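Hi everyone, thanks for making the time.

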Amino acid sequence: MVIATGPTPLTRHAVGDFHVGPQYVVDVRDQPPDMFVDHSVRDWSKVSWRDIGRPYRVEKWSREKRDYERTHGAELPILDGWKKFNANFHAFFAQDVPAAGAAARAELAAAMKTFDVHGAREAVEEMLHLLIWNRIHRVEDAVWDPRGKRALFDGLDVKKPRILFLGAADGYEAMQLAAMYPGGHTVLVDYDEFCKTDRFGKFPEQYPFLGADLATGHKRVWYREEMDISFEVEDIRNLRYGREFDVVVSIGLIEHFPDEHKPLAFEFHRRFVKPGGYVIMTTPRDQLRSRAWYYVMSDLLNYGYRELMTVEQMALYARENGFDILRAGVIKAHNGIVCKVRQ
Ligand SMILES: C[S@@+](CC[C@H](N)C(=O)[O-])C[C@H]1O[C@@H](n2cnc3c(N)ncnc32)[C@H](O)[C@@H]1O
């Protein structure tokens, strides 16, 4: 793996900047179109499971999970699965993609020269993963998807909010929210310590978030180091907060709970949001390309229960679990809903 070393010191971006770097895309353009397909106008009370069907379950497991379960005769513990997922996923984000591609091609050439079939297979697999990562993250910018997320998060009636991110991983979406609604405090929660030390801890300081300037009312660019963020390594079930956050957000959490545990997953959000506060959730979309992504990346990402769903299915879960939906729609890879606890 080739680790990217970012340029230092901080070079400030201007609103409107766009460029594709070796690790990620800089996109602080403030002009449309933003990829957010709004489904909010639907009357969600008319949507039923009979009409929309149930989510798709991803069931191609990683080799490591299968090996563990064969040798231990028991399921891989959930937290252990997340640790592996986070380590593997972070390795992708940390890579200088063009350099890593060149290295994989060189490895393949060397393996072919010595008729090393195993080595050649590994190099080909790595090249395939890199090719897909390059497409998803550097061409489409579909993982972080700043334009889609900004469109989804737009229009909240909050000032200097307290934001809670459940299952925060790298904290990306809370940083985007904190840039758009600055001056408050953000708490990231994840029970995998590596998220604090590496996924968030080593999140590129140079990555620009387009947000607001409270002093002038204009747009401005924010960086991780300029935001007031704390990271709590804790199981969500053990959190001691009351209903004290203006915004509670989760990105890719709900779909990891089978139906019998969905009420608990939604309860996590309700438990910590102020009366009248916002709950924002996203889940991966059930679309052909997402199914293909989790199929090809199964060895690196599939350690535990995961569903892919449509925005209708997601909204119906939220409604059934006591939320009123203010906005619902799809961004590049995820469904997103903004809702409030039903009074
Ligand atoms: C699928 S990831 C979220 C996707 C994320 N946006 C990313 O970039 O990987 C879910 C995160 O939630 C964390 N998580 C899952 N269950 C948790 C729990 N009970 N308490 C705290 N964190 C949890 C996992 O460790 C993982 O980092």
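Let's begin with A169, which counts as buried because 23 C-beta neighbours lie inside 10 Å. For the cut-offs, a residue is buried if 20 or more other C-beta atoms lie within 10 Å of its own, exposed if 12 or fewer, and partly exposed in between, with the C-beta atoms placed from the backbone. Before I go on, a word on the source: this is a predicted model, where local features need pLDDT of at least 70, side-chain atom pairs count only at pLDDT 80 or more, and totals for chains, interfaces and linings use all residues. Residues are numbered from 1 along each chain as its sequence is written.

Back to A169, then. You'll find A169 in the loop between β5 and α7. The labels come from DSSP runs, with helices being H or I of at least four residues and strands being E of at least two, numbered from the N terminus. The backbone of A169 has a phi near 50 degrees, a positive value in a residue other than glycine.

D145 also has a positive phi, about 45 degrees, although D145 is not a glycine. D145 sits in the loop between α5 (117-139) and α6. Is D145 buried or exposed? D145 is buried, with 27 other C-beta atoms within 10 Å.

Two packed helices are described by the angle between their axes and the distance between the axes. Helix α6 (residues 146-153) packs against helix α7 (residues 172-180) at an angle of about 55 degrees, and the axes are 10 Å apart. Here the axes are lines fitted to C-alpha atoms, for helices over the stretch in contact, and angles run from 0 to 180 degrees between N-to-C directions. That angle makes α6 oblique to α7. On this scale, under 35 degrees is roughly parallel, over 145 roughly antiparallel, 65 to 115 roughly perpendicular, and the rest oblique.

Which residues make the contact? From α6 we have P146, K149, R150 and F153, and from α7 we have E173, Q176, L177 and M180. Contact means that the C-beta atoms of two residues, placed from the backbone, lie within 7 Å. Sorted by class, this contact of α6 with α7 has 4 nonpolar, 1 polar and 3 charged residues. For those classes, Ala, Val, Leu, Ile, Met, Phe, Trp, Tyr, Cys and Pro are nonpolar, Asp, Glu, Lys and Arg are charged, and the others, Gly among them, are polar.

Next, please turn to helix α9. The buried residues of α9 (residues 262-272) are A265, F266, F268, H269 and F272. Why do they sit on the same side of α9? Because they cover an arc of only 145 degrees around the axis, taken from the directions from the helix axis to the C-beta atoms. The face turned away from that buried side carries the exposed residues L264 and E267. And what covers the buried residues? The cover includes β5 (162-166), β10 (245-251), β11 (273-284), α12 (311-320) and β13 (323-330).

P263 and E126 are 137 residues apart in sequence and 39 Å apart in space, C-alpha to C-alpha.

Let me finish with two more stops. I136 lies in helix α5 and is partly exposed, with 18 other C-beta atoms within 10 Å. Leaving aside neighbours within four places in sequence, I136 is in contact with A142, V143 and W293.

M35, in turn, is in the loop between β2 (25-27) and β3 (37-38). M35 is partly exposed, with 19 other C-beta atoms within 10 Å. Not counting residues up to four places away in sequence, M35 touches R147, G148, I331 and K332.
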